[in-house]
Amino acid sequence: MLQTWLQKGKPVGQTAFTAWVIGTIPDPKDRTVQFDYYYTDFLDDGENLSESLRVESSLKMTTLISPNAKKRQTGSPPPSRTFDALKTTPRTYMHDVVFDAGQGEGPDDLVTMVYEPSVKVTFPLAWPGKDDIERVTFAGMNWDAAGYLPNSDVSDPAKRGGAAFAFIAELPYSMKAGAPEKAVADHLNQVHTKPGDTYPKLANKNVPGFDTDHRLHRLFRDMTRRNKNRSEAKKVCVAVWGEDYATNDPAGPRECDEYPFASTYEGAAQPASEPGARANNWSAKALAAGDNSAAGTILGEFYDKNRIIEGNDANGGEVDAFIVKITP
């Protein structure tokens with residue numbers, strides 16, 4: 001934040017600082033979200049009344065999902081202080097927010113909140129200027145107690161589950177030589193860059209999951225649909241690489257890799273459950289079993305670490321989403 005001090009309409013001095021609010025989840029086995037506030041990069045130049053310039057933070061928290069849920073808080077954003085006080089004795093202020101389990105909506109016990117801290121600068125009466133308010137950040141976060149994610153079986157019901165920031169997470173796969181998931185990453189890169197070369201064939205194939213406008217959504221509870229996704233993909237592997245595709249490659253055993261993943265709503269059988277979905281807008285490929293297994297392990301760990309919950313609600317509305325990031 002930059003303040004320019006004027007005399008008779010001309011600039012005679014400047015003050016400036018950077019306000020930071022850093023949100024973290026220190027312990028994945030705890031539902032606490034921690035926000036640290038601090039100030040850096042102070043500038044004090046020319047003529048000004050920095051000793052009387054007041055810096056005050058404010059905070060707006062809005063619970064979007066489960067609005068009646070009660071949060072617990074410790075600490076607070078910084079109180080009002082002068083510019084000089086912040087510069088000479090900088091302090092870090094900590095604000096913790098937690099929702100206990102059992103207050104959320106749906107089978108995953110979901111609570112979603114938006115955290116909006118702002119900073120206001122007030123000029124002294126002796127040297128009036130334009131008061132400035134800046135929103136420092138805008139953070140959304142989820143609390144859940146999904147039974148298929150870590151920390152779901154603790155003895156204290158209020159502490160079940162965990163918290164996660166509500167951004168669109170990126171599932172990382174590497175095409176680098178030696179990467180255990182390389183064959184799968186190569187397949188997905190082909191799906192993304194040359195979808196017309198993949199099977200099943202489809203004119204103008206445009207498979208989702210590679211950008212934030214075409215996201216993937218986790219499918220967990222409907223095991224029948226997940227199995228159908230896999231069986232549809234295996235039909236293609238059999239048709240293209242033969243009934244013995246798993247064993248007919250001299251290089252070693254193979255498995256049928258499908259994308260979008262069978263554990264997503266966008267899997268191969270999507271049109272059977274969502275009539276408006278485009279048929280054959282996916283890919284299956286017989287590839288090295290070891291790479292396929294490694295990619296599956298990465299996917300499972302990604303779901304757990306990012307607390308990716310069931311992606312759609314009963315009406316088909318988005319609850320959680322993610323995309324895939326392929327690196328060379």
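## Strand pairing in the sheet

Gln34 stands opposite Asp96 in β7, a pairing that belongs to the antiparallel contact between strand β3 (residues 33-46) and strand β7 (residues 93-99), which runs over five bridges. The model is a predicted one, in which local features need pLDDT of at least 70 and side-chain atom pairs count only at pLDDT 80 or more, while totals for chains, interfaces and linings use all residues. Residues are numbered from 1 along each chain as its sequence is written, and side-chain values use heavy atoms, with hydrogens and water left out.

Strands β3 and β7 take part in an open sheet of five strands in the order β1-β2-β3-β7-β5, with antiparallel pairing; two strands are taken to pair if DSSP finds at least two bridges between them. The edge strands are β1 (2-7) and β5 (71-75), each of which pairs on one side only, and the twist averages 20° from one strand to the next. Axes here are lines fitted to C-alpha atoms, for helices over the stretch in contact, and angles run from 0 to 180 degrees between N-to-C directions. Helices (H or I, at least four residues) and strands (E, at least two) are DSSP runs, numbered from the N terminus.

Side chains of opposite charge can pair when their charged atoms come close. A search of the whole structure finds ten salt bridges, each defined as a side-chain nitrogen of Lys or Arg within 4 Å of a carboxyl oxygen of Asp or Glu.

One of them joins the side chains of Asp108 and Arg221 (2.3 Å, N to O). Because Asp108 lies in the loop between β7 and β8 (111-122) and Arg221 in the loop between α2 (182-193) and α3 (223-241), this pair ties together parts that are 113 residues apart in sequence. Asp108 counts as buried at 5% relative accessibility, whereas Arg221, at 39%, counts as partly exposed; buried means under 20% relative accessible area, exposed over 50%, and partly exposed in between (1.4 Å probe, protein chains only). Asp108 and Arg221 are also linked with Glu310 in a network of salt bridges.

The side chains of Arg225 and Glu274 meet in a salt bridge (2.7 Å, N to O). This pair links distant parts of the chain, with Arg225 in helix α3 and Glu274 in the loop between α4 (270-273) and β14 (283-288), 49 residues apart. Arg225 is buried, with a relative accessible area of 7%, while Glu274 is partly exposed at 27%.

Within helix α3, Lys228 and Glu232 lie four residues apart, about one turn of the helix, and their side chains meet in a salt bridge (3.3 Å, N to O). Lys228 counts as partly exposed at 35% relative accessibility.
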